[in-house]
Amino acid sequence: MDDRPKRKAKRNQETLPGHYERGPVVGKNFASAVVIGVLAMVFMVLSLRLEVPGSIYTAPGMLPFIVSLTLFFMAVGLGISALRQGSIGDNLGGLARHLKNYAVDQEGRRTVMLIGMVFLYVLLVAVLSFDFRIPVFFFDFEITSYEVVSILVVGMILRIFWKKSLVRCGFVSLIMIEALVSVFRYGFGMIMPEAF
Amino acid sequence: MSAVIGGQILEQLVFIAQTPWLWMICLLGVTLGIFWGAMPGLSTTMAMTLLVGLTVEMTQAVAIMFMLGVYTGSVFGGAISAVLINIPGTPDAVPTMIEGHALAKKGEGGLALGTALAASFMGNWIGIILLIAFIPAVLFFALQFRSWEMFLLSLWGIAICGSMSSTDMPIKGWISGWIGLLVAFIGLDPIHGVSRFTFGSFALGDGINFIPVLIGLFGLAEILRVLPQKSPATIPSEVGRILPPIRTLLRYTRVSLRSGLIGTVIGAIPGAGANIASFFSYDVGRRRASQKEKAKWGKGSYEAIISAEVANNANVGGSMLPTLALGIPGNAAAAAVLAALELKNVVVGPLIQTENPGLIFYIYISLIIANFFMYGMAVLLIKPCVKLFSLPRTLLMPLILPICVIGSFAVNLNYFDVYVMLFSGIFGYVLHRFGFPLAPLVLAVILGPLADENLRRALLIFEDAGVLNVLWDRKLGTILLLVVLYTFYDGIFKRNDRNSNGEIND
């Protein structure tokens with residue numbers, strides 16, 4: 001009995017470690033080919049617009065142009081292989097279904113929320129700048145904006161995804177961040193990302 | 001001559017044996033290195049560059065011992081996070097991550113790490129022995145790599161990485177690598193100082209550092225991928241057997257010797273580094289493996305771990321050769337060793353043996369001692385590490401986030417790198433969703449500047465020479481060119497044959 005369709009379906013759903021997720025790749029490959037093709041063309045134009053101070057052999061835009069050109073051909077190749085698997089309509093339909101599923105799916109929404117929180121974290125560390133120094137025995141113990149922001153944001157992420165009590169999440173966050181920062185700051189003499 | 005060398009080796013051995021302080025400092029360096037390497041996203045280069053400051057007050061012998069301890073420890077440490085949480089410390093740990101994490105998910109994380117450890121140990125030994133025995137031959141071969149060959153070697157590294165990480169559709173791996181090359185071109189061009197793709201931004205003028213890109217693509221992207229899952233898979237906490245039986249290891253003798261040779265020779269080529277060595281050896285290993293073993297490749301193969309780990313550890317010894325003999329660091333981490341030596345007024349280069357007799361041998365003996373300590377410490381640390389990383393992902397992943405921020409900031413003490421990490425993480429997540437592998441992108445960001453500068457230099461040299469003359473005169477380059485073309489041909493036209501054999505992604 002021919003089990004090829006079954007095998008193909010199974011292959012499409014597998015997620016392999018260290019590689020990439022398989023899924024309904026038809027629409028994805030087509031969309032990727034279009035985006036990469038456009039990107040390659042933009043870089044080709046930008047490479048051609050770069051000045052050439054010396055010989056053409058040392059032109060700053062030479063290799064970027066060659067890379068963009070070959071990237072464009074690769075995008076065309078990817079597009080052709082996507083069209084072999086389905087028509088343009090199939091591809092666009094597949095992509096629309098994928099995007100719709102992603103928006104409806106809880107995992108997709110949680111990812112968008114997490115990206116928002118990480119973005120907020122990076123922004124807060126950049127914007128806030130303060131530090132307190134508490135004399136402890138023979139050295140000044142520092143608490144800076146980086147630690148405060150990290151404890152709050154990591155505690156919040158733990159509360160949402162680890163789903164333990166607020167106190168427990170806050171405590172774990174406090175201990176871990178302080179331990180981490182102490183090792184880097186006092187052990188390795190590193191400057192923490194703060195006060196900018 | 002050999003009697004003089006033997007005498008110098010003996011002299012250094014006696015000196016080290018009589019100085020227990022050196023042993024302790026080596027143990028400290030190795031331990032710090034393993035912990036540093038095991039932290040997701042914190043690389044060997046970062047460990048070396050940050051810890052070089054600690055050597056200022058040390059004597060020459062202590063500083064060298066400490067830095068080599070850190071170097072050896074951190075190279076292995078990168079495998080711990082790669083195997084247990086799927087986030088490599090360094091790009092060269094990516095093949096180990098692919099194979100090791102698959103095994104860790106099956107409950108064989110301890111044995112996977114043990115195999116990586118044994119391979120690292122063997123790799124270090126092979127690197128050191130080959131170098132001591134064949135210093136002139138290896139150096140002669142390494143010096144045949146000039147601008148044209150370096151360009152082709154870089155291109156080959158990216159091409160192999162692309163085919164290896166996306167075998168059922170190599171074009172996706174190459175696209176990922178080519179995007180990485182475009183990222184690498186951002187900043188001031190190294191020959192004329194012309195701004196490329198900076199759009200007037202001062203921050204982009206310095207270019208994009210590969211460490212924030214690595215942390216973003218593998219650290220943050222992994223957090224974004226794993227944390228929102230309803231029930232993220234954790235690795236089993238049972239450790240089981242750690243060290244593989246000697247009989248099993250002996251079965252891989254040929255693989256180890258081959259990978260060690262690859263790692264040492266590539267390490268000796270200035271600028272090539274462990275990344276190319278690791279991927280190249282992984283690729284050669286797959287091609288040379290039996291059909292039965294090939295089926296396991298990509299799903300958790302011990303032979304694949306040995307291929308990659310032996311090569312990237314043999315690279316440590318290899319990279320020291322151009323560093324010491326020519327004053328040209330084999331890779332970024334070796335550049336930090338060079339900095340530590342220069343801090344101690346050691347002028348490296350062809351005269352090192354005349355001006356500092358015995359120093360080369362002291363360095364190799366230090367590497368051997370560090371190798372033993374690395375083995376001992378790692379055996380002690382594997383069990384606790386497996387237990388630690390088997391904690392729920394929903395607890396572990398948020399705690400990795402601040403490490404990603406600190407790690408990317410620490411590279412240049414510039415907050416712009418944190419934004420690069422953030423953007424790379426989100427971009428990596430999107431690429432992953434669309435089925436593109438991430439490893440070629442990182443490798444291309446590292447090798448892009450090398451490829452660019454060397455191609456342009458080579459073309460200037462070839463300006464008045466005909467194509468046929470170049471092909472004939474630069475035989476090594478011609479061989480490499482054919483190998484690069486074959487890699488692309490193999491990826492495009494032999495894909496269907498390979499898939500029918502049931503390799504990597506199938």
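What follows is a conversation about how some contacts in this predicted model get their labels.

Colleague: Why is the pair of B:Tyr415 and B:Tyr419 called edge-to-face?

Modeller: The structure holds 16 aromatic pairs over all chains. In the pair of B:Tyr415 and B:Tyr419, the ring centres lie 5.3 Å apart and the planes stand at 85°. Centres within 6.5 Å make a pair, and planes over 60 degrees apart count as edge-to-face, so B:Tyr415 and B:Tyr419 get that label.

Colleague: What makes B:Phe423 and B:Phe427 a stacked pair?

Modeller: The centres of B:Phe423 and B:Phe427 are 6.0 Å apart, with 5° between the planes. The cut-off for stacked is under 30 degrees, so the label for B:Phe423 and B:Phe427 is stacked. Both residues belong to helix α18 (residues 416–433) of chain B, four residues apart, about one turn of the helix.

Colleague: Why is B:Lys172 said to lie over the face of B:Phe436?

Modeller: B:Lys172 is at 5.0 Å from the ring centre of B:Phe436, and the distance cut-off is within 6 Å. The charged end of B:Arg251 is likewise placed over a ring, that of B:Tyr252, at 5.3 Å from its centre.

Colleague: What makes the contact between A:Thr144 and A:Arg185 a polar contact?

Modeller: The side chains of A:Thr144 and A:Arg185 are joined at 3.4 Å, and the limit for the N or O atoms is within 3.5 Å. A:Thr144 is found in strand β2 (residues 139–144) of chain A. A:Thr144 has 0% relative accessibility, so it counts as buried.

Colleague: Why is the link between B:Lys296 and B:Glu293 called a salt bridge?

Modeller: The closest N and O atoms of B:Lys296 and B:Glu293 are 3.9 Å apart. The cut-off is within 4 Å, so the link counts. Both residues lie in helix α12 (residues 291–296) of chain B, three residues apart. At 38% relative accessibility B:Lys296 is partly exposed, whereas B:Glu293 at 10% is buried.

Colleague: How do you know that B:Asp452 and B:Arg456 form a salt bridge, and are the two buried or exposed?

Modeller: Their closest N and O atoms are 3.2 Å apart, again to be set against within 4 Å. B:Asp452 has a relative accessible area of 1% and B:Arg456 has 0%, so both are buried. They lie four residues apart in helix α19 (residues 439–461) of chain B.

Colleague: What separates B:Arg457 and B:Glu453 along the helix?

Modeller: B:Arg457 and B:Glu453 are four residues apart in helix α19 of chain B, so about one helical turn separates them. Their side chains meet in a salt bridge of 2.6 Å, N to O. B:Arg457 at 37% and B:Glu453 at 27% are partly exposed. Salt bridges that share partners join B:Asp189, B:Arg196, B:Asp452 and B:Arg456 into one network.

Definitions and conventions:
Residues numbered from 1 in each chain as written. Chains lettered and ligands numbered in written order. Predicted model: local features only at pLDDT ≥ 70, side-chain atom pairs only at ≥ 80, totals over all residues. Heavy atoms only, no water. Helix = DSSP H or I, 4+ residues; strand = E, 2+ residues; numbered from the N terminus. Lys NZ or Arg CZ within 6 Å of the ring centre and 35° of its normal. Buried < 20%, exposed > 50% of the residue type's maximum accessible area, 1.4 Å probe, protein only. Polar contact = N/O pair within 3.5 Å; in protein donor to acceptor, adjacent residues only side chain to side chain.
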